[in-house]
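Biologist: I am new to this structure. Please take a close look at its salt bridges and walk me through them.

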Amino acid sequence: MKQNSEEIEISTISGSKNNAVQIRNAYKRYTPSAIVLNGLNLTVPEGTIYGLLGPSGCGKTTLLNCVVGRIELDAGSIQLRVRKRSEIGYMPQSLNLHDQMTILENFFFYGYLFGMNTESIQARAIDLITFLDLPSGHRFVKTLSGGQQRRVSIAIAFIHDPKILILDEPTVGLDPVLSRSIWDRLLEMTKRGKSIIITTHYIQEARQAHTIGLMRSGVLLAEEAPLSLMERCGCADLEEAFLMLSHKQEQDTKSMELAYPKSSHPVKAYYEDDNKTFSRTKLRGVMYKNLTLLKREYIFMVFVIVLPVLQTYLFNTAIGRKPRNLHLAVVNDEIATANCSHSAYQGCFLDANQTVSLSCLYLEVLQNESYNFIEYTNDTTALHDVRKNKVWGLLHFTENYTASLANRVALGLDAFPQDVSNSAIDTWVDLSNQYIGNFIRYDMVRSMVSFLKKALENCNENPKLGALPLSFEQPIFGSFDENFISYASTAILCLCCFFFPSILTGGLVLTEKLGGMMERMMVAGATMIEMMASIILIQMVVHIMQTALVMVVMYIVFDNPLEGSLITLSLLMFITGIAGMFFGFMLAVVNTDMTITAYSGIGTNIVLCFTSGLVWPIEAEHYLLRSVCWAFPLTWTVDAARGICSKNYSFLHPYVLRGFGSTIVWNLIFMYVIYFFMKYKKDVWVIQK
Ligand SMILES: Nc1ncnc2c1ncn2[C@@H]1O[C@H](COP(=O)(O)OP(=O)(O)OP(=O)(O)O)[C@@H](O)[C@H]1O
C-alpha cells in the first residue's frame, strides 16, 4: 500500500450521503517508529451504532481524538455530517470532570456551552439522572464512586441530544443491568437518526452494534455487521473472528511494504464554529463554571485576599525601620560613665578652670538615638567583646577629652597636634552587617554635630560653628524623614499587582489543563478567547479587591507617601495586574507540570524583585544588567509608580507614560506568546498519557 503527499486530503464537513463519519487513509504516529494509524478507512452509516473493537493500545482512542478534533491526523481525511461541535457528544476515556462541582453544576456548565437554556438543561438532567441511576444531582462529583463518575461523564455527552455520539469505553466498570440499559438507549437513539461510535473491550456487548470495526496495527481488519462477520469467518463468536483475522493479517503484513506518507500535512477534523472565536452563550457557560469553582474555593479566596494584605502589613512592619537598643562599648578615661549626670556637662567647656566632661554630653546625645552603653575599663576587653558579637562597636574618650576639644576650638589653626588627636573620639564599629554598621556611623556623625552645637550654645557661641560647612535646604521631593519603606513601597505594590494574578491565573488554568477539563471544554466548543475572557473578568474583580486592600494598608494604615493621583496609580496597577494574568496564562499554556510552573512563576517574580529597584536602586546595578533591565516587565512600571507616589508626576509626565507604555507592551508580548503557542504548538491542551 503506497501513499504520497498528493493523496492527502483536507477534511471537509460534508460526509458522503448517508454516512455520519467517513475516515479515509488516516495516518497518525506519535514518534517516527510508533505508527498508530496506518492508512485506516472507517465508515459510520447515519443512524447506526458503530462498535470499534481492538486490543489495548491499538489506537482506538487516538482515532476518536482525531474525530473530535483533539489531535490532528498526519495525513488522510475525516468527513463528518455535522457542522458544529455542539452536534457532537463526546465522552473521553479519562473522565475529565470538574470534581469540585456537583453533578447538576457539571450538567449546567456543559449545557450552557452547548447553547442550551436553563429549563431544557433541567429537564434533561432529570431524565439522565433517572436513566443512568445517578445519585442526587446535588452530590459533588468528587464524592461519587468511579462507576458513578463514569455515568456523569456519559450524561454530559448525552445532555444536548447530539447528532453524533462518540463514547470511549462508556461501560467499563458498570454493572450488566446498567450497561444493558445504556445500549437500549443507544439503540433507541439510532431510531431517531443519531449515529454512535463506541469503543469497548467487552466484545460480546458489541454484538448489539449495527457495524463492527475490528482494529489492529493501525488498520481495520474488518468492518461489517456482527452476524455477517461471524458468518463470513465461519466463527461462533466475535472473539474467534477477531483472532482469525489477526492471524491472517500477520501473514499478509510479512509481504507488505510499510509506506508512511513522506510529507505529511496535519489534518484536523473541521467544525464550522472553530472559526468563531467568541460566543456570549459559551462565555456564559465558562463564567458559570469559574464562578461556581471560586464560590466553592472560599478558603482559597480568603487566602487570596488575606495574603497580599498580610504581606503588605509585614513589609511595612518588618522592613525599613531603624534598629533600636543596639549595645555599644564605652571606654571613658575622662570620667566613669556611671558618674555622667546632667551636671557633668553644664557650663562652658571653653572657660578657664572648667570642670565640664563633654564625653557625658556626647553619650547622652547618642543615647537618644536608642543605644545602650556598656562600660569597659580598657580597649582590649571591649574589642574582644566586639569580636564576640556582644557589642556592635566601641567608643574611646581620652583622659583630657574636654580640655583638648576646648584647645582645638579656641586655637583653631594653632591647635597642638596632641590636642587634635586627644579631642577625637576613637571608634571601632562592626561593619559586617552593612545596614547596622551604617546606622551606627550615621548616628555617631549626626550626634557629633548636635553635640557640638549644644556645647557651643552653653558657651553662648554661635552654634553653627559646630555644624558641617554644608547646608541641606528643604528637599525638592520627599522629606528628611524619608526611609526605605517609602522608597520600596511602590515596588512592593507593583510586585503584588503582578505576582498574585500571575500565580492565581497560572494555577487555575493549569489545574484544568492537567485534569483534562480544558481539553473537554475545547471539544465541547469553548474557545480560548472565551476561556481567557472569563478568567480575566473574574480575576479582575479579585485583582481590584486585592489592590484596593494593599493600597489601604500601604497608604492609609502605614501612611506611605502618595503625592500624586490615586486614579493614575490605580490605572497603572490595573494594567500591571492584567499583565500578571497573561503571564500566568502563558505559563499554563507553555508548561505541562505544576511544579515547573510554580518554580517559573515564583522564580520570575524573585528576579523582578531584584531588578525592579525594590531591593537596591537600578542606578547601582552592574552596567551590563542596567543596560538590559529597563526591558524587564516591572522596571519602568515601578519607576512610573514611584514618580506618581513621591514626585506627584501626572499621567502625561514622560516617566509615567513610559511606565504605562512598557506595561502595555508586556501585555501584548504575553498575549502574543499565548497566541503563538496555541496556533503553532500541536495539541497545546492535550496532556500526554
Ligand atoms: N500522547 C501520546 N504520545 C505517545 N504515544 C501515545 C500517546 N497517546 C497514545 N500513545 C500510544 O499510541 C498507541 C495507541 O494508544 P490509544 O490510547 O489510542 O490506544 P487504545 O486502543 O485506545 O488503547 P486502550 O484500549 O487501552 O484505551 C499506544 O501504544 C499508546 O501508548
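Modeller: A salt bridge here is a side-chain nitrogen of Lys or Arg within 4 Å of a carboxyl oxygen of Asp or Glu. Side chains of opposite charge can pair when their charged atoms come close. This is a predicted model, where local features need pLDDT of at least 70, side-chain atom pairs count only at pLDDT 80 or more, and totals for chains, interfaces and linings use all residues. Residues are numbered from 1 along each chain as its sequence is written, and side-chain values use heavy atoms, with hydrogens and water left out.

The structure holds 16 salt bridges. Take E369 and K322 to begin with. Their closest N and O atoms are 3.0 Å apart. E369 sits in the loop between α10 (358-367) and β11 (371-375), and K322 in the loop between α9 (298-318) and β10 (326-332), so the pair ties together parts that are 47 residues apart in sequence. Helices (H or I, at least four residues) and strands (E, at least two) are DSSP runs, numbered from the N terminus. Buried means under 20% relative accessible area, exposed over 50%, and partly exposed in between, with a 1.4 Å probe and protein chains only. E369 is buried at 18%. K322 is partly exposed at 27%.

Next, E512 and K289. This salt bridge has its closest N and O atoms 2.8 Å apart. E512 belongs to helix α15 (residues 484-514) and K289 to helix α8 (residues 280-296), so the pair ties together parts that are 223 residues apart in sequence. E512 is buried, at 7% relative accessibility. K289 is buried too, at 1%.

Now R70 and E519. Their side chains meet in a salt bridge of 2.2 Å, N to O. R70 is in the loop between α1 (60-67) and β4, while E519 is in helix α16 (residues 517-523), so the link joins parts that are 449 residues apart in sequence. R70 is buried at 14% relative accessible area. E519 is buried at 6%.

Some charged residues link up in a group. D161, E188, R192 and K194 form a network of salt bridges.

Strand β4, named above, deserves a word. An open sheet of 3 strands runs in the order β2-β1-β4, with antiparallel pairing. Two strands pair if DSSP finds at least two bridges between them. β2 (34-45) and β4 (75-80) stand at the edges with a single partner strand each, so one side of each has no neighbour in the sheet. Between β1 (residues 19-31) and β4 there are 5 bridges. V21 stands opposite L80 in β4.
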